[in-house]
Amino acid sequence: MHFKDQIFLASQYAAPHHLVSRLMGLASDCRTPAVKNWMISRFVRRYGVDMTEALVEDPLAYDTFNQFFTRALKPDARPLDAEPHSILCPADGAISQLGRIEHGRIFQAKGHSYSLTALLGGDSARAAEFMGGDFATVYLSPRDYHRVHMPCDGTLREMVHVPGRLFSVNPLTASHVPELFARNERVVCLFDTEYGPMAMVLVGAMIVASIETVWAGLVTPHKRKVRSVRYDESARTPIHLAKGAEMGRFLLGSTVIVLFGPNRVRWTDTPSVRGPVRMGELLALPN
């Protein structure tokens, strides 16, 4: 390992994760033109962001860095796979891992895996229906489109906010930080679908200012305890989202983990480990 990588990993443990992220969140919401224009211009240059896909192509037309970062795309920028029973990739990024959930563990990187139960907030009953199922991990880099969409039609059953650390989630930390995705702060969204239960886990990371969902808005920590909200109770109007519909977004990038129960889906040949993917591409087909 290079010395600079060793320094980066050491800083991940020492850094005040939440303080850094809060400060970044404040800066990202700044409306002072000189500040937000500098942040946006530097970001576009550094990461080579393709603004021709954006609904508003001028990066300086956005009121804040956060508005720029979560920009909408043109209607035809992400066509959905035409196969009627296709299960779609939920986000732009790269497939970092995908496969079977074995013995209650999810593969993270060579030499590392993490607990399914811990990922879903420590509730064994919540995790039981995904034991022996399948997972796909999509890593969103800074230059990617940062809205997250539904892989298939689904009715929201439960949303769980799980507090935690905010390690970076790039390939380097995934290869060296044990239980990474089960340690970071995350929002677990459980849906009932025609393919059985589906979980979409939006994982926070260093300088990710916040996570939003389309039904709850900004999901904020609650006294550093796991908090669950049920949406399948009779007093609530069911929340149904169609395949391809937006379900959430990151204010600065991170990772989405999609889970299905056993023998429900099969991954297609399209995605490959570390391979680039786009929202709306074919990810899996039903068994």
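Helices and strands are DSSP runs, a strand having at least two residues, and they are numbered from the N terminus. In this predicted model, D92 is placed in the loop that connects β1 (87–88) with β2 (93–100).

The UniProt annotation "active site", taken from an unreviewed entry, covers D92 together with H149 and S254. These residues span 163 residues in sequence, yet no two of their C-alpha atoms are more than 14.4 Å apart, so they gather at one spot.

Begin with D92. Is D92 buried or exposed? Its relative accessible area is 4%, and buried means under 20%, so D92 is buried. Apart from residues up to four places away in sequence, D92 touches R78, V138, Y139, L140, D144, Y145, V277, R278 and M279. One of these, R78, also has a polar contact with D92: the side chains of the two residues are joined at 2.6 Å.

Next comes H149, which lies in strand β6 (residues 147–149). H149 has a relative accessibility of 8% and therefore counts as buried as well. What does H149 touch, leaving aside its neighbours within four places in sequence? H149 is in contact with P90, M200, G244, A245, E246, M247 and M279. For G244 there is a further detail: its backbone oxygen lies 2.8 Å from a polar atom of the H149 side chain.

The contacts of D92 include M279, and the contacts of H149 also include M279.

Key
Residues numbered from 1 in each chain as written. Predicted model: local features only at pLDDT ≥ 70, side-chain atom pairs only at ≥ 80, totals over all residues. Heavy atoms only, no water. UniProt positions renumbered as here; feature names shortened; annotations may be inferred. Helix = DSSP H or I, 4+ residues; strand = E, 2+ residues; numbered from the N terminus. Buried < 20%, exposed > 50% of the residue type's maximum accessible area, 1.4 Å probe, protein only. Contact = heavy atoms within 4.5 Å. Polar contact = N/O pair within 3.5 Å; in protein donor to acceptor, adjacent residues only side chain to side chain.
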